[in-house]
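Dear colleague,

Please find below the structure that I am handing over to you.

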Amino acid sequence: MQTVKLGNSSLESSRIAYGCWRSAGTSDPSEVTPENREAGLRAIIAAYEAGYTLFDNAEIYCRGVCEEILGRALREVAGMRERVIVATKCGIRVPGDPTPEAPKRYDFSGEYIVRACEGSLRRLGIETIDLYMLHRPDYLADPHEIAGAFLQLHDAGKVRFFGVSNFRPSLVSALQAACPLPLIVNQVEISLAKLDCFTDGTLDQCLERHITPLAWSPLGGGFLASGAILRLPAEKQRHARAVITTLDEMAEKRGVSRAVLAVAWLLKHPGRMVPIIGSNQPERIRDLARAADLELSREEWYQLLNAARGEPLP
Ligand code: NAP
């Protein structure tokens, strides 16, 4: 697969990344079966064999089970650890931890960032995380405290590069102003079902600061591929139908699947964004890799944008 540099760093990622959020088949660790683990492992190995080299994870994904599954792949597949970028995230705390009355919350305290990173390293079974991200903005985030934790992890050889996720541009600027290490990615939701980042300043900032946008849920969590729009809220169904129809017409002309086209649409942006796909099915994972070679014209791109906006451009 084609590759792309992450920010101004030395990390070179496949043009499309693989996300491990669904690797355990459930978000509840008590429900995970050995079959779930095997299916997750098979999907990760299929992604590696299809040329994906960035594997996205998070401590919160099935409370660590998804990191364990990726860790097993890294151990069992010869050469995989050296060839891939291991990316994971911290900062979401589950209710009941550490005391029963503790609520769900975000935690960017220096102490927690360091402890969470050590937990991820253990579950992944590796010495160093290539890309470590803060998952969702902590309302109590202190940029100087975060910077201190990042430096500590970097200096200890536990993390190579840092990034953020779901950050508004002003918080990226505040953190970068306090942190001597570069933030190389902002992982945000972008797809034909979620256009906000094109107009809220997120992508403009990525261009300005050479931050690579990692686009999560590039298929809108599945409906752009499956066409199952009836599961969406009523007000979203009309737009969704228009997008699916336009994708289908174009996909037929191009001889690709609707899902491939939806991912290729993201690749046209000059910010060189990296979509993170999340299918757990090897056949679909292999099919989606074809998006990396599909170049849309400006006219095709805008045709899809117009369908997704649901109203004419001014
Ligand atoms: P997605 O690629 O938009 O959706 C994948 C879902 O679509 C899967 O459940 C898949 O089911 C389904 N699907 C249905 N038909 C499909 C088809 N023809 N081809 C492919 N998929 C089809 O992405 P996502 O899983 O929502 O998210 C991807 C990654 O983004 C996650 O793994 C995670 O790494 C990251 N993420 C990050 C955040 C954040 O806050 N930073 C939030 C969410 C996700 P099957 O498995 O049955 O194929």
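**The ligand and its surroundings**

Both β12 and α12 give at least two residues to the shell around the ligand; helices (H or I, at least four residues) and strands (E, at least two) are DSSP runs, numbered from the N terminus. Please note that this is a predicted model, in which local features need pLDDT of at least 70 and side-chain atom pairs count only at pLDDT 80 or more, while totals for chains, interfaces and linings use all residues. Residues are numbered from 1 along each chain as its sequence is written, and side-chain values use heavy atoms, with hydrogens and water left out.

The ligand is surrounded by 28 residues, the closest being Arg22, Asp56, Ser217, Ser279 and Arg284; a residue counts as near if one of its heavy atoms lies within 4 Å of the molecule. This shell comprises 10 nonpolar, 13 polar and 5 charged residues. In this classification Ala, Val, Leu, Ile, Met, Phe, Trp, Tyr, Cys and Pro are nonpolar, Asp, Glu, Lys and Arg are charged, and the others, Gly among them, are polar.

The protein buries 88% of the 900 Å² that the ligand exposes when taken alone, with accessible areas from the Shrake-Rupley method and a 1.4 Å probe.

**The largest pocket**

The volume of the largest pocket is about 930 Å³, and its lining consists of 42 residues, with Trp21, Arg22, Ser217, Gly221 and Gly278 nearest the centre. α12 provides the largest share of this lining, 3 residues. By class, the lining holds 17 nonpolar, 15 polar and 10 charged residues.

**Backbone features**

Ser217, in the loop between β11 (212-216) and α9, has a positive phi near 45 degrees although it is not glycine. Arg63, in the loop between β4 (54-56) and α2 (65-76), likewise has a positive phi, of about 45 degrees. The peptide bond from Asp97 to Pro98 is cis, with omega near 5 degrees.

Yours sincerely

Key: On a 1 Å grid over the protein atoms alone, a cavity is a set of points where a 1.4 Å probe fits but cannot get out, and a pocket is an open set with protein on both sides within 12 Å along at least five of seven lines; lining residues have an atom within 4 Å of a point. Grid points are joined across faces, edges and corners, and a volume is the space filled by probe spheres set on the points.
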